[in-house]
Amino acid sequence: NFYGQTKTLANTVTYTNNTTNCGGGLFQTPCRVIDPNNATLNDNTYARLLASPGVAVGIGSYEGVIELQFASAIPADQWSYVRIGADNTLLRALLGGSLGNTLGTILGGVLLGNQEFEIDVRNNTTSVLTRTNTQGFSTDRIKLITDGNGYNYIAVKPSQTYNRIRISNRSITLVGLGTEYHLDVYNAFTYSNATGACGRPFGTSFDGSGGLGLQVADLNNQFLERAIDGNTSSFSLLKSSGVLDLSVARSFSQHFYFATTSPAESTLN
């Protein structure tokens, strides 16, 4: 799928907000980040970030935070990717780019209400790019994308040099007191540019306008990843099954992202 690119992982955990002796013992604070070192591995294991509004107002609330560092600095304007896992409906909506803001009125608390996760890209301790899911991952520098396997990534492209990525998971309302929300962080990595063909797109997302009438089922049945899965018989599907309101303009588009920049005059099929 890729030709000549080098995948470089963030290989050091520089911070978690776990206490020294977190655990499940009687006198221990529960761990807010489970298996943090899993987030430095190039496999399907993950660090789990936990958050809760607590059992009552002001009692027992907590959030999970992890920071990962690359061995060397990443140049400005180079993409890096953080593979994550969370509520599937939430992630499918965030794949919608600017349309995700409209979907918030349709999906309610699933998208905008209870769980907030934040990505903070840093050069050592200086933040150079910060965004939350409640703001939407729809800028030219932060997007949510999915790959050919259906895995989800927060893609970031700061305008300044960076070497760390901090991810936080928190509960932002008192709705669901006693509920625990999770965000799984598999790893963070970047691809170095190389000469030659780019190969198949690394990721994809969608966008559109006129989201009224878009159903949760529409998000789950788009199968965006099938457009880049290597199977020429499978395909993505952009449609709305909701009742059409002819007074609302409607459009859907699918975007594709390559791991690195193509050479000039490359052919795209």
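This is a working chat about one predicted model.

Q: What sort of model is this, and how are residues numbered?
A: The model is predicted: local features need pLDDT of at least 70, side-chain atom pairs count only at pLDDT 80 or more, and totals for chains, interfaces and linings use all residues. Residues are numbered from 1 along each chain as its sequence is written, and side-chain values use heavy atoms, with hydrogens and water left out.

Q: How many helices and strands does the chain have?
A: Four helices and 14 strands. Both are DSSP runs numbered from the N terminus: helices are H or I with at least four residues, strands are E with at least two.

Q: How much of the chain is buried?
A: Buried residues account for 46% of the 269 residues. Buried means under 20% relative accessible area, exposed means over 50%, and partly exposed is in between (1.4 Å probe, protein chains only).

Q: What share of contacts joins residues at least 24 apart?
A: Among contacts between residues at least 6 apart in sequence, the share is 73%. Contact means heavy atoms within 4.5 Å.

Q: Now the open sheet. What is the strand order?
A: The order is β2-β5-β11-β7-β8, five strands with antiparallel pairing. The edge strands are β2 (12–16) and β8 (126–132), each pairing on one side only. From one strand to the next, the twist averages 20 degrees. Axes here are lines fitted to C-alpha atoms, for helices over the stretch in contact, and angles run from 0 to 180 degrees between N-to-C directions.

Q: Which strands pair with β11, and over how many bridges?
A: Strand β5 (residues 64–74) pairs with β11 over seven bridges, in the antiparallel sense. Strand β7 (residues 115–123) is joined to β11 by eight bridges, also running antiparallel. Two strands pair if DSSP finds at least two bridges between them.

Q: Which residues stand opposite each other there?
A: I66 faces I167 in β11. V121 stands opposite I165 in β11.

Q: Is β11 buried or exposed?
A: Buried. In strand β11 (residues 162–171), 10 of the 10 residues are buried, so the strand is largely enclosed by the rest of the structure.

Q: How many bridges join β7 to β8?
A: Six, with the two strands antiparallel. R122 stands opposite S127 in β8.

Q: Switching to aromatics. How many pairs?
A: The structure holds 10 aromatic pairs. Rings of Phe, Tyr and Trp (its six-membered ring) pair if their centres lie within 6.5 Å; planes under 30 degrees apart count as stacked, over 60 as edge-to-face and the rest as tilted.
A: One of them is Y81 with F189, a tilted pair at 5.6 Å centre to centre and 35 degrees between the planes. Y81 lies in strand β6 (residues 80–85) and F189 in strand β12 (residues 181–192), so the pair ties together parts that are 108 residues apart in sequence. Both Y81 and F189 are buried.

Q: What about F117 and F137?
A: They form a tilted pair, 6.0 Å centre to centre with 35 degrees between the planes. F117 is in strand β7 and F137 in the loop between β8 and β9 (142–146), so the pair links parts 20 residues apart in sequence. F117 counts as buried at 0% relative accessibility. F137 is buried too, with a relative accessible area of 2%.

Q: Which residues form the aromatic cluster?
A: Y81, Y153, F189, Y191 and F202 form one aromatic cluster.

Q: How many disulfides?
A: A search of the whole structure finds one. C22 and C31 form it, with sulfur atoms 2.1 Å apart. A disulfide is a pair of cysteine sulfur atoms within 2.5 Å.

Q: Is the disulfide of C22 and C31 right-handed or left-handed?
A: The torsion about the S-S bond is about 85 degrees, so the disulfide is right-handed.

Q: Last topic: what is the phi of F223?
A: Positive, about 50 degrees, although F223 is not a glycine. F223 sits in the loop between α4 (216–220) and β14 (251–257). F223 is partly exposed, with a relative accessible area of 27%.
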